[in-house]
Amino acid sequence: MENNLIRNSNKIVIKIGSSTITSDDGVISKEFMDSLAIQVRELIDQGKQVVIVSSGARIAGVSTLGRWSRKEDVNYKQALCAIGQVELMDSYRVIFGKHGMHVAQILLTREDFNNDNRTLNIRNTLFTLLDEQVIPIVNENDTVCVEEIKIGDNDMLAGQTTVLWNADLLLILSDIDGIYDKSPAEYDDAKLIEVVEDVYELEKNISIGKSSSFGTGGIHTKLKAAKLVTEYGINMMVANGKKKNIIRKLANGEEKATIFKC
Ligand code: ADP
């Protein structure tokens, strides 16, 4: 059943982490985006619907502007996100367009999910886009929300989007095969946990290390997102977006991941 999670899901939210979308030299990886577009196209052609939650605005801002990369001032970070968001969406537009898909930008803050009127508006836009086969690309609205920059959890934004849309699956693509019993960057003998029945139990039994250089949220926010979506009866997966054709391989049962069962 595990391997069929993607095949059995019709409504899939795919969250792309900063470390996944960035190539080693610190720019948005066009190669990754192209491969993502091909795989999303395959899902769409199978009759599925996909929403993307994408990080990477700040990194795109730094590489576009060529300065401010070391500025720690939060206003500069927000400014970089505002600059980079345009670049990020432009890359999505061009690359997804090449594969016959239209994309739309949805910028949200956490507060939007606590307001009934806004939630309804978001839902209406989301459903209209999806009905018309447009791929919504969600990101945090960093201009009005500095929390994303401080603790940077697009994982939670993805979780909230998943619940709002009532998706069947949240697929989080990171730079690691899934959740390990200890930090794989620090321990060679770290073991991948493939199936999680109880997130709270897992949390007690693993140790969590630092996140990667481009990453922000780390494992804590992934577990937080897992608690949220599984509580709503939705499955979640954490898989390695750095691996070529990961979505297709997961659908074919050819790659490992961590599955959080609802
Ligand atoms: P993203 O940008 O995809 O949200 P992060 O870089 O924030 O991802 O978090 C993933 C990183 O967390 C991994 O690269 C890994 O080195 C680190 N990490 C620390 N502890 C663990 C653990 N127990 N299991 C898996 N990864 C861990």
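Predicted model: local features only at pLDDT ≥ 70, side-chain atom pairs only at ≥ 80, totals over all residues.
1. Let's start with β5 and its neighbour. Strand β5 pairs with strand β7 (residues 235-240) in the parallel sense, over six bridges. As one example of who faces whom, Leu171 stands opposite Met237 in β7. Residues are numbered from 1 along each chain as its sequence is written, and side-chain values use heavy atoms, with hydrogens and water left out.

2. Now look at the other partner of β5. Strand β1 pairs with β5 (residues 169-174), again in the parallel sense, over five bridges. In β5, Leu170 is the bridge partner of Val13, and Ile172 stands opposite Lys15.

3. Is β5 covered or open? It is mostly covered, with six of its six residues buried; buried means under 20% relative accessible area, exposed over 50%, and partly exposed in between (1.4 Å probe, protein chains only). Leu169, Leu171 and Leu173 point one way from the strand, whereas Leu170, Ile172 and Ser174 point the other way, and all are buried.

4. Next, step across to β2. Strand β1 (residues 11-16) is joined to β2 by six bridges, and the two run parallel; Lys11, for instance, has Gln49 of β2 as its bridge partner. Strand β2 also pairs in the parallel sense with β4 (residues 134-140), over two bridges, and there Val53 has Val138 as its partner. Five of the six residues of β2 (residues 49-54) are buried, so this strand is largely enclosed by the rest of the structure.

5. Eight strands form an open sheet with mixed pairing, in the order β3-β4-β2-β1-β5-β7-β8-β6. At the edges stand β3 (102-108) and β6 (195-196), each with a single partner strand, so one side of each is left without a neighbour in the sheet.

6. Which residues does Ser9 touch? Ser9 sits in the loop between α1 (5-8) and β1. Leaving aside neighbours within four places in sequence, Ser9 is in contact (heavy atoms within 4.5 Å) with Lys48, Asp168 and Leu169. Ser9 counts as buried because its relative accessibility is 3%.

7. Two packed helices are described by the angle between their axes and the distance between the axes. Helix α8 (residues 154-165) packs against helix α10 (residues 218-231) at an angle of about 15°, with the axes 8 Å apart. The axes are lines fitted to C-alpha atoms, for helices over the stretch in contact, and angles run from 0 to 180 degrees between N-to-C directions. The two helices are therefore roughly parallel to each other; angles under 35 degrees count as roughly parallel, over 145 as roughly antiparallel, 65 to 115 as roughly perpendicular and the rest as oblique.

8. Who meets whom between these helices? Asp155, Met156, Gly159, Gln160, Thr162 and Val163 in α8 meet Gly218, Thr221, Lys222, Lys224, Ala225, Leu228 and Val229 in α10. The residues of this contact divide into five nonpolar, five polar and three charged. Here Ala, Val, Leu, Ile, Met, Phe, Trp, Tyr, Cys and Pro count as nonpolar, Asp, Glu, Lys and Arg as charged, and the others, Gly among them, as polar.

Notes. Helix = DSSP H or I, 4+ residues; strand = E, 2+ residues; numbered from the N terminus. Pairing = 2+ DSSP bridges.
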